Amino acid sequence: MAAKPPAGDPVQDAPEVAAPQHAAAGLPAIGHTLRIAQRQMGVRRTALTLLKVNQKNGFDCPGCAWPEPDKRHKAEFCENGAKAVAEEATLRRVTPEFFAAHPVADLATRSGYWLGQQGRLTHPMYLPEGAASYEPVTWERAFDIIAEELRALADPDEAVFYTSGRTSNEAAFLYQLFAREFGTNNLPDCSNMCHESSGSALTETLGVGKGSVLLDDLHKADLIIVAGQNPGTNHPRMLSALERAKAGGAKIISINPLPEAGLERFKNPQTARGLVGGGTALTDLFLQIRLGGDQALFRALNRLILEAADTTPGAVDEEFVREHTHGFEEFAAAARAADWDETLRATGLTRAEIDQALRMVLASRRTIVCWAMGLTQHKHSVPTIREVVNFLLLRGNVGRPGAGVCPVRGHSNVQGDRTMGIFERPAPEFLDALEREFGFAPPREHGLDVVRAIRALRDGQAKVFFAMGGNFVAASPDTEVTEAAMRRARLTVHVSTKLNRSHAVTGARALILPTLGRTERDVQGGGEQFVTVEDSMGMVHASRGRLEPASPGLLSEPAIVCRLARRVLGPESRTPWEEFEKDYGTIRDRIAAVIPGFEDFNAKVSRPGGFALPHAPRDSRSFPTATGKANFTAAPVEYPTVPEGRLLLQTLRSHDQYNTTIYGLDDRYRGIKNGRRVVLVHPEDARELGLADGSYADLISEWTDGSERRASGFRVVHYPTARGCAASYYPETNVLVPLDATADTSNTPASKSVVVRLEPGGPA
């Protein structure tokens with residue numbers, strides 16, 4: 001019997017607030033996981049489904065991209081992963097009758113939480129031009145509508161093909177192949193909004209835009225630095241790896257404006273010590289940095305390492321620097337010129353704290369730096385990550401076991417999608433390989449990333465928007481501008497498993513195409529199929545769904561792309577789309593012919609646990625950069641400056657959230673319950689601004705061009721964040737980030753350094 005959906009849309013601006021917690025997981029995580037899972041799936045389905053998550057013969061968690069160890073626990077999932085699985089495997093259904101009862105105007109008034117709680121989509125739905133409600137449509141008619149609009153375009157570049165990071169390797173490869181055979185490189189993806197800064201910096205400095213470590217490297221490290229990341233909420237299984245590293249003698253430095261419960265103490269729910277004992281203290285040194293001060297911190301550490309080398313042999317790995325790097329002298333001159341007054345002002349730290357970090361760095365032979373959005377979403381994110389690379393190169397911590405760069409990706413296959421060619425700026429070598437293999441000339445001009453795609457829609461230069469997964473409207477910056485841009489499109493199409501905000505912000509015509517989830521069996525003409533994914537550390541493995549599909553009307557993502565391609569490209573296309581739909585092994589054979597590292601793909605992925613992709617800096621200390629070596633860089637130190645009476649705001653997730661998917665209204669570790677419209681402010685800052693704990697304020701962002709954005713009705717919560725800094729949840733605060741406020745080079749929205757003033761107000 002189907003579970004009943006919630007009756008109403010709860011108020012989100014009147015939360016209960018308690019003191020933040022100082023430990024993550026433990027028994028409360030188990031209890032919360034089971035309650036959520038059983039509410040969505042029921043008892044039996046919960047047990048059958050969760051025991052297949054991240055298993056070698058099971059399916060990859062649709063949540064984060066953290067890798068699995070070779071030896072796996074029977075419960076190889078975390079609380080947030082279980083929530084993601086529960087929402088996909090839910091018994092709730094969104095049928096055509098639901099859409100008849102809820103016109104688009106009604107859906108547009110609902111919160112993302114309410115929309116997501118309604119359940120799985122069951123039928124293709126169509127919103128005709130001028131209609132008030134979606135209506136059911138056949139798959140054949142849906143593909144005809146898309147083909148009509150695409151063929152009517154004056155230029156293929158008037159179409160935008162967006163991709164979410166949950167898309168499998170097979171679907172992503174087919175999707176980019178279709179887009180390029182259609183004639184465009186307009187392939188923006190969610191990487192543009194998160195780790196694009198990492199890829200830009202790492203490609204320039206190391207030659208590979210991915211992390212250089214494997215999971216076992218964390219277990220071997222002497223020192224792990226976690227900067228701008230909250231593993232307890234965003235990548236909880238990472239805490240198990242940190243716990244194991246601690247057991248092996250590693251030290252951990254956490255760099256964050258907010259104290260995070262998971263990095264303070266981890267109560268591993270898979271061990272007796274974690275369930276009934278005190279768990280494991282993880283962080284040895286907490287550097288409560290001011291938002292955007294990370295480049296200044298790593299520059300200061302680099303100065304101190306160079307100064308230590310003047311008197312202490314081995315402080316700099318001179319052999320590595322000499323044999324494997326380029327640009328050292330220019331970098332060293334810039335580092336030695338680092339100004340201490342500027343460093344302390346930018347970071348908000350004391351000289352004693354930085355000196356303590358230095359002692360830990362010099363005592364470590366094997367150092368890893370992990371980071372996430374806290375480093376990637378600032379105007380100066382790319383030079384910040386370059387400075388992290390400088391820091392590791394100085395002591396030879398690239399290409400050494402237990403050492404390296406570790407950008408921690410979010411979506412479960414966001415890294416794999418990029419590997420498969422989902423990129424608006426493809427390498428010529430990749431396009432050459434496509435041309436050789438498929439016999440057509442791919443377009444060579446660069447396409448649109450997310451920000452540029454929104455501009456093109458806004459300006460009428462793009463007319464069709466097709467999204468393979470995701471929630472583009474809620475994930476993008478400058479909410480009002482983004483929504484207005486989407487409404488200018490001739491056609492918007494979303495391939496989705498569940499309802500979200502993007503389905504209520506449509507072009508003149510709109511389609512919702514329901515697809516299989518990771519948890520579900522995928523049977524095609526060639527029999528039962530599996531797909532593959534790539535985790536955050538470059539391991540590729542199979543994923544096999546086990547549940548019966550939520551509806552007999554669902555198509556898999558590869559099937560949707562293949563049928564669409566046949567309808568749009570017609571018989572002139574020499575690509576075997578029908579064969580690809582029947583047998584995904586044939587897709588993998590063609591991936592093997594195009595993408596280095598995937599030779600014998602079908603054979604490699606048949607091995608339990610999958611295989612590691614090659615990574616030249618890690619594997620052989622070779623660097624495919626313009627200089628042929630790892631590149632030191634020297635850039636001016638940048639950090640945000642904040643006028644008097646203003647705060648620096650970062651957008652972040654709650655614990656009951658994964659990207660734009662809201663599982664619930666609590667943020668347990670931060671002490672927030674039953675509400676999301678909150679702003680976390682240091683008590684001293686709040687007092688200076690005249691904002692009592694529990695009062696309400698409007699957030700107004702201020703930008704150098706004189707523009708402002710407003711988000712109304714946030715409850716002020718006195719919270720131990722860094723002085724001068726504040727925090728609030730997205731997507732509610734995406735409205736505060738203008739479309740043109742982006743990181744240099746990567747064009748990633750600068751959502752972690754928003755200058756705001758707080759004006760007293762009332763609940764939204």
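Leu215 is buried, with a relative accessible area of 12%; buried means under 20% relative accessible area, exposed over 50% and partly exposed in between, with a 1.4 Å probe and protein chains only. The model is a predicted one, in which local features need pLDDT of at least 70 and side-chain atom pairs count only at pLDDT 80 or more, while totals for chains, interfaces and linings use all residues. Residues are numbered from 1 along each chain as its sequence is written, and side-chain values use heavy atoms, with hydrogens and water left out.

**Confidence**

- The protein chain has an average pLDDT of 94, and 99% of the residues score at least 70; pLDDT is the predictor's confidence in each residue, from 0 to 100.
- Over residues 1-6 pLDDT stays under 50, and the model has 13 contacts for them beyond four places in sequence (contact means heavy atoms within 4.5 Å).
- Where pLDDT is low, the predicted coordinates should not be read in detail.

**Leu215 and its surroundings**

- Leu215 belongs to helix H10, residues 215-220; helices (H or I, at least four residues) and strands (E, at least two) are DSSP runs, numbered from the N terminus.
- Setting aside residues up to four places away in sequence, Leu215 touches Trp66, Pro67, Glu68, Pro69, Ala241 and Met537.
- Ala334 lies 119 residues from Leu215 along the chain, and their C-alpha atoms are separated by 34 Å.

**Helix H24**

- Helix H24 spans residues 450-458, and its residues Val450, Val451, Ala453, Ile454, Ala456 and Leu457 are buried.
- An α-helix has 3.6 residues a turn, so residues three or four places apart point the same way.
- The cover over the buried residues of H24 includes strand S7 (159-163), strand S16 (464-468), helix H25 (472-475) and helix H26 (479-487).
- At the start of H24, a side-chain oxygen of Asp449 comes within 3.4 Å of the backbone nitrogen of Val451.
- Just after H24, Gly460 has a positive phi of about 75°.

- Strand S17 (residues 491-496) is mostly covered, with six of its six residues buried.
- Leu491, Val493 and Val495 point one way from S17, Thr492, His494 and Ser496 point the other way, and all are buried.
- In a regular strand the side chains alternate between the two faces of the sheet.
- S16 and S17 run parallel and are joined by five bridges; two strands pair if DSSP finds at least two bridges between them.
- S17 also pairs in the parallel sense with strand S18 (residues 509-514), over six bridges.
- Met468 stands opposite Val495 in S17, and Ser496 stands opposite Pro514 in S18.

**The sheet of three strands**

- An open sheet has the order S21-S22-S23, with antiparallel pairing.
- Strand S21 (531-534) and strand S23 (611-612) stand at the edges with a single partner strand each, so one side of each has no neighbour in the sheet.
- Four bridges join S21 and strand S22 (residues 539-543) in the antiparallel sense.

**Nonpolar cores**

- The largest nonpolar core has 63 residues, and those with the most contacts inside it are Ile146, Leu150, Phe161, Phe178, Phe466, Leu513 and Trp577.
- A nonpolar core is a set of buried Ala, Val, Leu, Ile, Met, Phe, Trp, Tyr and Cys residues joined through side-chain atoms within 4.5 Å.
- Beyond its neighbours within four places in sequence, Leu150 is in contact with Ala159, Phe161, Phe178, Phe182, Val464 and Val568.
- A second, separate core of 48 residues includes Ala300, Leu306, Trp340 and Val405.

Methods: A polar contact is a pair of N or O atoms within 3.5 Å; within protein, one must be able to donate a hydrogen and the other to accept it, and residues adjacent in sequence count only if both atoms are side-chain atoms.
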